[in-house]
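The sequence and the structure are shown first.

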Amino acid sequence: MNFASYTSSEYFPIFLTFYDSIKKNKNLNLYVLCLDDDVKSLIKKNNIECKTITIEDIELFTKSLLKKRYSKISEKIGVYRLAYANYLLKKLNIEDIHLIDSDTYFFSKTSDLEKIVNDLDASVCFCKHNYFYNRGLMNDLYGIYNAGYIYFKNDKQAFKFLVKYRKLCQNYISWSVKKNAKNLFADQTYLEGLIQDFKFTKIINNKGVNCAPWNIGNYQISEKEGQFYVDNVNIIFFHFSGVRTLFNKIFFFNLYYYNKVNLKHVKKTIYKNYLTKLKENLIKIPTKKDTKTISLKKIIAIFFKLLRKDFSII
């Protein structure tokens, strides 16, 4: 089983928490795209078993990347992660890859995910957001499908999909959102057209795959012997998108934003489990992020997070 993730040195504690959740799994190959020069040394220092790929490796293999100008680092990452997938499949000739964001955490064996994907017999597969609150509006804002986890098989159909997907993102990619409009959000909205164009693309409908703050409100959460369940389906992995910390003590997230209710039980179970482990890694590997200067916009955002209880103290 081949996992392909990516990280910068700033977000390395998040990546390390992801790695901690998968490192005990057997027959797992991990590939890591190093988004800056410090990542390799951090990987070596923390004894992470993986194959590292550099930005230079990707650019040398795909020279067209250098022609595009990016206004934000998120736009560059959105384009480069797909070029990275192409590099692994074509240059390294890997049989398949699970392209996955590093702000995810596995609560089950990775082989459980492998079985679900293999049973689909797809060249490409991914998940719906399955929003809990105001699904139609949220689909327009951020897309029906989530690009944080995408499976690619090394076959002609997947390459056709990836060629078109990369071309679309290379031409235009933006994280800007306009209200009351159908957005082309990041690399996600494009998936709606691609799944119509390529019939070998399938959707993963298992509730336990890519659980996230935007869909967790749909489910009844339970725990038994350390395993978390949604509607009695074991959680394979959870996508902890949008987690931020203040002084490694207060952790902010987006549970209220996506659900418009205070999900106390989710915070006390799934989030507490993850944030406790993340805190350990944040203390272990201090980041270079400057916390002395906080913009007015961020202060206002923190105020509303506190007001809506969209945080936990760990």
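## Salt bridges

Asp 231 is partly exposed, its relative accessible area being 29%. The model discussed here is predicted. In this model the side chain of Asp 231 meets that of Lys 207 in a salt bridge with an N to O distance of 3.0 Å. Lys 207 is placed in the loop between strand E8 (201-203) and strand E9 (209-211), while Asp 231 is in the loop between strand E11 (227-230) and strand E12 (233-234), so the pair ties together parts that are 24 residues apart in sequence. Lys 207 is likewise partly exposed, with a relative accessible area of 36%.

Over the whole structure, a search finds 10 salt bridges. Another of them joins Glu 192 and Lys 182, whose closest N and O atoms are 3.0 Å apart. Here Glu 192 belongs to helix H8 (residues 190-197) and Lys 182 to the loop between helix H7 (156-171) and H8, so this pair ties together parts that are 10 residues apart in sequence. Glu 192 counts as buried at 16% relative accessibility, whereas Lys 182 is partly exposed at 45%. A salt bridge is also formed by Asp 310 and Lys 305, with the closest N and O atoms 3.5 Å apart. Both Asp 310 and Lys 305 are buried. Salt bridges with shared partners join Arg 81, Asp 101 and Asp 187 into one network.

## Cysteines

How many disulfides does a search of the whole structure find? The search finds 0 disulfides. Cys 34 takes part in no disulfide, and the nearest cysteine sulfur, that of Cys 50, is 7.1 Å away. From the side of Cys 50, the closest cysteine sulfur is that of Cys 34, and the separation of 7.1 Å is too far for a bond; the cut-off for a disulfide is 2.5 Å between the sulfur atoms. The surroundings of the two residues can be given as well. Cys 34 is buried, with a relative accessible area of 4%, whereas Cys 50 counts as partly exposed at 26% relative accessibility.

## Aromatic pairs and charges over rings

The count of aromatic pairs comes to 29. One of them is formed by Phe 15 and Phe 18 and is tilted, with 6.1 Å centre to centre and 50° between the planes. Because they are 3 residues apart in helix H1 (residues 12-22), Phe 15 and Phe 18 are separated by about one helical turn. Phe 15 is buried, with a relative accessible area of 0%, and Phe 18 counts as buried at 0% relative accessibility. Elsewhere, ring pairs link Tyr 105, Phe 107, Phe 228, Phe 238, Phe 240, Phe 253, Tyr 271 and Tyr 274 into a cluster.

Lysine side chains also meet aromatic rings. Lys 260 lies over the face of Tyr 257, 4.7 Å from the ring centre. The charged end of Lys 76 sits over the ring of Tyr 80, at 5.2 Å from its centre.

## Nonpolar surface patch

Which residues make the nonpolar surface patch of about 680 Å²? The patch consists of Ile 294, Leu 296, Ile 299, Ile 300, Phe 303, Phe 304 and Leu 307. Among these, Ile 300 is placed in helix H11 (residues 296-307). Ile 300 is partly exposed, with a relative accessible area of 41%.

## Loop residues and backbone angles

Most residues other than glycine have a negative phi. Asn 47, although not a glycine, has a positive phi of about 55°. Asn 47 is found in the loop between H2 and strand E3 (51-54) and is exposed, with a relative accessible area of 62%. For Asn 93, phi is near 55°, again a positive value in a residue other than glycine. Asn 93 is located in the loop between helix H4 (73-91) and strand E4 (96-100), and at 57% relative accessibility Asn 93 counts as exposed.

A further loop residue is Asp 37, placed between strand E2 (29-34) and helix H2 (39-45). Asp 37 counts as exposed at 68% relative accessibility. The C-alpha atom of Asp 37 is separated by 34 Å from that of Ile 235, the two residues being 198 residues apart along the chain.

Technical notes:
Residues are numbered from 1 along each chain as its sequence is written. This is a predicted model: local features need pLDDT of at least 70, side-chain atom pairs count only at pLDDT 80 or more; totals for chains, interfaces and linings use all residues. Side-chain values use heavy atoms; hydrogens and water are left out. Buried means under 20% relative accessible area, exposed over 50%, partly exposed in between (1.4 Å probe, protein chains only). Rings of Phe, Tyr and Trp (its six-membered ring) pair if their centres lie within 6.5 Å; planes under 30 degrees apart count as stacked, over 60 as edge-to-face and the rest as tilted. Helices (H or I, at least four residues) and strands (E, at least two) are DSSP runs, numbered from the N terminus. A charge sits over a ring if NZ of Lys or CZ of Arg is within 6 Å of the ring centre and within 35 degrees of the ring normal. Patches are made of residues with over 30% relative accessible area and no salt bridge: like charges are joined within 9 Å, nonpolar side chains (Val, Leu, Ile, Met, Phe, Trp, Tyr) within 5 Å. Accessible areas come from the Shrake-Rupley method with a 1.4 Å probe; for residues, only the protein chains shown count as cover. A salt bridge is a side-chain nitrogen of Lys or Arg within 4 Å of a carboxyl oxygen of Asp or Glu.
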